[in-house]
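I opened this model to go through a few of its features in turn. These are my entries, in the order I looked things up.

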Amino acid sequence: PDEVSWIDLSFNRIVKIDESLLNNKNIHSLYLHANNISSFSDIDKLSKLKSLHSLTLHGNPVENISGYRLYVIAKIPQLRNLDFSLITKRDRESAKCLAVDKGKRRRVIEVKDK
C-alpha cells in the first residue's frame with residue numbers, strides 16, 4: 001500500500017468508505033465519483049489520508065447535502081482539487097468556519113490555519 005499514489009473507484013456502487021482504504025497512506029488522488037456515498041461520516045474517514053490532494057465525489061448523494069463542498073474542504077484541508085475543480089483561496093476562507101445541516105442538528109466545524 002505504500003507505493004499506491006492514486007486509486008480510481010468511480011462507478012462501483014460504493015455506499016460506504018471501507019476503513020481498509022485508509023491503509024493507503026500515500027494516496028494523492030482518489031476518485032470516488034458516481035457511487036452511492038451519502039453521508040458526511042464517510043468524508044470524515046477520508047480526513048485520515050494526509051497526502052490526499054485530489055478527490056472526486058460528484059455523482060454521489062452526499063454532494064446534494066447543503067454545504068457539501070465547504071464541508072469537504074474543511075475536513076480535508078490539504079486538498080487542492082475537489083471534483084476536478086481547483087480549490088480557491090475563497091473556498092478555504094469560507095470553509096474556516098462553517099455550519100452544515102446534518103439531519104435535524106447543526107454542526108459547526110472550525111478549521112485552524114496551517
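I began with K96 and E93, whose side chains meet in a salt bridge at 3.1 Å, N to O. This is a predicted model, and I read every distance here as belonging to the prediction. I looked up where the two residues sit: K96 and E93 are three residues apart in helix α3, residues 89–96, so about one helical turn separates them. I then checked accessibility. K96 has 25% relative accessibility and counts as partly exposed. E93 is partly exposed too, with a relative accessible area of 44%.

I asked how many salt bridges the structure holds. The count is five.

I took K45 and D42 next, and found their side chains joined in a salt bridge at 3.2 Å, N to O. The two are three residues apart in helix α1, which puts about one helical turn between them.

D44 counts as buried because its relative accessibility is 19%, and the cut-off for buried is under 20%. K75, with a relative accessible area of 24%, is partly exposed.

**Core**

I moved on to the largest nonpolar core, which has 27 residues. L30, L32, L46, L55 and V72 have the most contacts inside it. I noted that the elements giving two or more residues to this core are α1 (40–46) and α2 (68–75). Of these, α2 gives the most, with five residues.

I picked L30 and listed its contacts, leaving aside neighbours within four places in sequence. The list is I7, L21, L46, L49, L52, S54, L55 and T56.

**Sheet**

Five of them form an open sheet, in the order β1-β2-β3-β4-β5, with mixed pairing. I asked which strands stand at the edges. They are β1 (6–8) and β5 (85–86); each has a single partner strand, so one side of each is left without a neighbour in the sheet.

I followed β5 to its pairing with β4, residues 81–82, which is antiparallel and runs over two bridges. In β5, S85 stands opposite L82.

How values were computed
Residues are numbered from 1 along each chain as its sequence is written. This is a predicted model: local features need pLDDT of at least 70, side-chain atom pairs count only at pLDDT 80 or more; totals for chains, interfaces and linings use all residues. Side-chain values use heavy atoms; hydrogens and water are left out. Two strands pair if DSSP finds at least two bridges between them. Helices (H or I, at least four residues) and strands (E, at least two) are DSSP runs, numbered from the N terminus. A nonpolar core is a set of buried Ala, Val, Leu, Ile, Met, Phe, Trp, Tyr and Cys residues joined through side-chain atoms within 4.5 Å. Buried means under 20% relative accessible area, exposed over 50%, partly exposed in between (1.4 Å probe, protein chains only). Contact means heavy atoms within 4.5 Å. A salt bridge is a side-chain nitrogen of Lys or Arg within 4 Å of a carboxyl oxygen of Asp or Glu.
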